[in-house]
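The entries follow the order in which I checked things.

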Protein chains: 2
Amino acid sequence: MKTKAQDYNKLVLLDESVARSRCENIRKAMREAGLDALLVTDNANKYFLTGRVFTGQIYIAADGEVIYFIRRPLHLEGDGVVYVHKPEQMAETLGLNMPQVLGLELDITAYNTVERLKKIFIGAELRNASPLLRQVRAVKDAAALELLRMSGKKQTYVYSRIPRLFTEGMTDIELQIEIERTSRLQGCLGQFRISGDSMELYMGNVLTGDNADTPSPYDFAMGGGGMDPSLPVGADGTVINPGMTVMVDMNGDYTGYMTDMTRVYCAGPVEALPAQIRKAHDCSIRIHRELVKMLVPGTEAKALWQRAEEIAREEGLHEYFMGHRQKAGFLGHGVGIEINELPVIAPRSRDIIAVGNAVALEPKFVIPGAGAVGIESTYFVHSDHVENLTDAPEAIIPFD
Amino acid sequence: MKTKAQDYNKLVLLDESVARSRCENIRKAMREAGLDALLVTDNANKYFLTGRVFTGQIYIAADGEVIYFIRRPLHLEGDGVVYVHKPEQMAETLGLNMPQVLGLELDITAYNTVERLKKIFIGAELRNASPLLRQVRAVKDAAALELLRMSGKKQTYVYSRIPRLFTEGMTDIELQIEIERTSRLQGCLGQFRISGDSMELYMGNVLTGDNADTPSPYDFAMGGGGMDPSLPVGADGTVINPGMTVMVDMNGDYTGYMTDMTRVYCAGPVEALPAQIRKAHDCSIRIHRELVKMLVPGTEAKALWQRAEEIAREEGLHEYFMGHRQKAGFLGHGVGIEINELPVIAPRSRDIIAVGNAVALEPKFVIPGAGAVGIESTYFVHSDHVENLTDAPEAIIPFD
């Protein structure tokens with residue numbers, strides 16, 4: 001389990017061929033976008049390119065070398081490693097070799113950080129490289145798939161243990177804490193990477209009964225009031241009783257690449273749940289079946305949303321589809337290093353399903369008075385089939 | 001424990017007088033900085049001003065009203081609430097009442113978000129309001145102090161339980177998972193707010209033996225290799241054995257305002273630890289005693305760093321002070337809604353200690369071959385005395 005000591009000093013922890021191929025994919029996209037160079041500062045993108053997180057920047061020339069400008073940790077070694085105390089020192093290394101068109105992650109890098117970089121890359125035309133990097137990362141290679149498979153395997157194992165974590169009289173947060181512990185003991189890293197800084201979540205979401213219908217400020221598929229207005233999402237202290245559902249949507253980051261998975265549980269027999277709840281849950285499973293058929297390279301992502309909405313409408317469940325008091329604007333999303341990758345499955349999405357996409361689909365319903373239902377699974381799009389990375393029983397699972 | 005249902009609909013959850021006084025403090029700073037208006041987008045600042053997190057912006061006019069532009073959650077009510085789907089709609093509400101000089105959080109807001117705002121506030125001169133907001137938030141009022149006290153009380157209680165969480169043969173991560181669970185059961189929110197997006201941490205840091213000497217990429221006082229290169233900090237799976245120290249520096253966010261606290265534990269008797277370890281730990285306690293005397297309004301923050309360094313040097317421990325292979329550049333920091341608030345206790349800090357500061361001091365040492373020692377406590381600066389918010393035994397604590 002422990003990392004070998006020598007690894008601490010090696011900058012690039014990816015297999016050499018993987019690192020080279022990822023960099024080449026980015027270079028190809030750079031040439032198409034007319035970039036001479038790209039400066040990567042985001043942790044998720046640095047991890048994508050090297051297999052580790054560090055403080056510093058990666059400079060990629062469209063037709064030249066890669067330079068790793070590192071501030072911390074000390075003692076890293078590898079081709080292209082240059083230690084700098086401050087970004088201004090990059091200019092010394094680059095010398096007269098300054099790019100004319102420079103790509104930066106403008107969707108996520110702080111304004112003042114970019115202004116500082118402008119003074120280093122004087123005269124360079126800046127372009128937004130965030131979409132380019134998101135596009136490249138949306139197509140997972142074999143190394144990423146291996147990590148996703150491992151996360152999916154561990155996450156499904158943890159979910160299989162959930163019924164025995166429940167004891168009568170428990171609150172939603174007490175159950176969540178036991179799931180957190182079990183996840184961590186199975187190797188969950190805890191880290192829940194979300195692109196952008198406005199969405200906050202701690203280890204996932206357990207929604208019980210009517211709390212599922214409490215609007216949250218965040219752009220997650222489901223809400224919940226949370227334990228405190230400083231983090232108003234998820235479990236709110238509701239006692240879990242028969243007749244309500246418990247929706248579990250917990251952190252699947254066991255490897256640096258996360259899967260996303262939701263299952264629904266209940267105290268007491270499933271038959272004691274309102275008929276509407278069971279109908280809506282079956283509808284979610286039906287939507288999965290239909291949408292998986294559409295996870296074919298070339299399909300428009302928005303077609304999946306439309307088909308799901310159509311089914312919900314057919315079954316008279318449209319009012320509860322993707323929320324009731326407050327609705328989510330999407331029903332699926334790419335996953336990988338971050339939880340909100342491409343493609344986005346939403347009504348106005350312009351994304352196209354491609355080989356190598358890892359897509360979490362989460363058609364869910366909120367039935368007032370009873371709770372949330374529906375499942376989420378993460379699928380991998382191969383050229384000729386779809387692989388379920390979170391393959392586990394889909395029906396509502398009674399705790400006892 | 002559950003939030004009352006009606007609270008979900010009330011926008012401002014702070015007492016009216018607290019909300020008014022915080023806003024007035026910001027207005028005063030705005031007038032000094034020559035701002036006509038300020039647009040707040042950061043979650044931490046929105047929580048400071050309202051007592052809750054939402055998606056949207058707060059618009060504060062230097063001499064006029066406050067407008068809450070809200071996107072999510074739905075159903076919030078209160079004076080000045082305006083629902084918007086996109087930021088561009090702010091212009092409709094403001095009409096011709098556009099500011100000439102607008103403050104934005106330029107240190108943390110994404111470049112493209114600011115560019116989008118520029119097109120809404122056409123012709124406005126933009127100034128960086130991040131420092132202003134940090135300054136105002138550095139001075140905690142009675143309402144903030146109450147939440148800090150509650151977090152400190154819960155955090156010290158959890159730390160008192162740590163010895164009974166240890167079992168022989170445990171790894172550092174296994175111990176950390178039990179501390180996480182105990183913290184959560186005592187109400188820890190899990191959320192660990194850090195200003196900026198480059199520092200990542202999950203629930204805190206448990207460092208055992210030589211892992212304390214592994215450099216991490218993050219700007220925390222101590223490092224550790226972590227369980228995975230995607231989050232290379234903290235516990236790395238080291239088995240806890242006699243002769244090494246276990247430094248516990250875990251999440252103290254129980255209320256939205258976090259305290260920060262570190263204590264050191266060991267398996268086996270304290271006497272079995274190397275003499276150097278015990279000497280360095282005593283030195284840390286001595287530094288606390290000396291620095292607390294200096295936590296007087298008007299003191300330069302850098303003087304505290306200098307005094308601490310002087311003591312470490314006097315005792316021949318300078319080589320190990322604030323790290324060994326890689327050293328931290330600070331030994332203390334303000335705490336509150338985020339873990340890295342003002343004042344910063346660092347060699348080149350320009351901060352001045354003020355009444356209302358909540359300051360975590362963490363003089364620590366890394367002794368190669370044995371581990372990290374030293375304590376961290378959070379102090380509140382009153383006009384005539386210093387209050388320890390994490391008052392608990394300071395000596396090295398044996399597990400048995």
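Entry 1. Before counting, I wrote down that a salt bridge is a side-chain nitrogen of Lys or Arg within 4 Å of a carboxyl oxygen of Asp or Glu. I also noted that this is a predicted model. By that definition I found 8 salt bridges between chain A and chain B. I looked up one pair, Glu200(A) and Arg193(B), which form a salt bridge with their closest N and O atoms 2.6 Å apart.

Entry 2. I then turned to the whole interface. The size of an interface is often given as the accessible area lost when the parts come together. For chain A and chain B I read about 5700 Å² buried between them, with 52% of it on carbon and sulfur atoms. Tyr111(A), Arg184(A) and Tyr202(A) provide 13% of the area that chain A buries against chain B, more than any other three residues. As for contacts, 68 residues of chain A touch 68 residues of chain B.

Entry 3. Next I looked inside chain B. I asked at what angle helix 6 and helix 7 of chain B cross. The axes of helix 6 (residues 142–165) and helix 7 (residues 172–185) cross at roughly 140° and come within 10 Å. Therefore helix 6 of chain B is oblique to helix 7 of chain B. I noted the crossing of these two helices of chain B as right-handed.

Entry 4. I listed the residues that meet. From helix 6 of chain B they are Val158(B), Arg161(B), Ile162(B) and Leu165(B), and from helix 7 of chain B they are Leu175(B), Glu178(B), Ile179(B), Thr182(B) and Ser183(B). I sorted the residues of this contact into 5 nonpolar, 2 polar and 2 charged.

Conventions
Residues numbered from 1 in each chain as written. Chains lettered and ligands numbered in written order. Predicted model: local features only at pLDDT ≥ 70, side-chain atom pairs only at ≥ 80, totals over all residues. Heavy atoms only, no water. Axes fitted to C-alpha atoms, helices over the stretch in contact; angles between N-to-C directions. Helix = DSSP H or I, 4+ residues; strand = E, 2+ residues; numbered from the N terminus. Parallel < 35°, antiparallel > 145°, perpendicular 65-115°, else oblique. Left-handed = near helix turned anticlockwise from the far one by under 90°. Contact = heavy atoms within 4.5 Å. Nonpolar A, V, L, I, M, F, W, Y, C, P; charged D, E, K, R; others polar. Buried area = accessible area lost by both parts, 1.4 Å probe.
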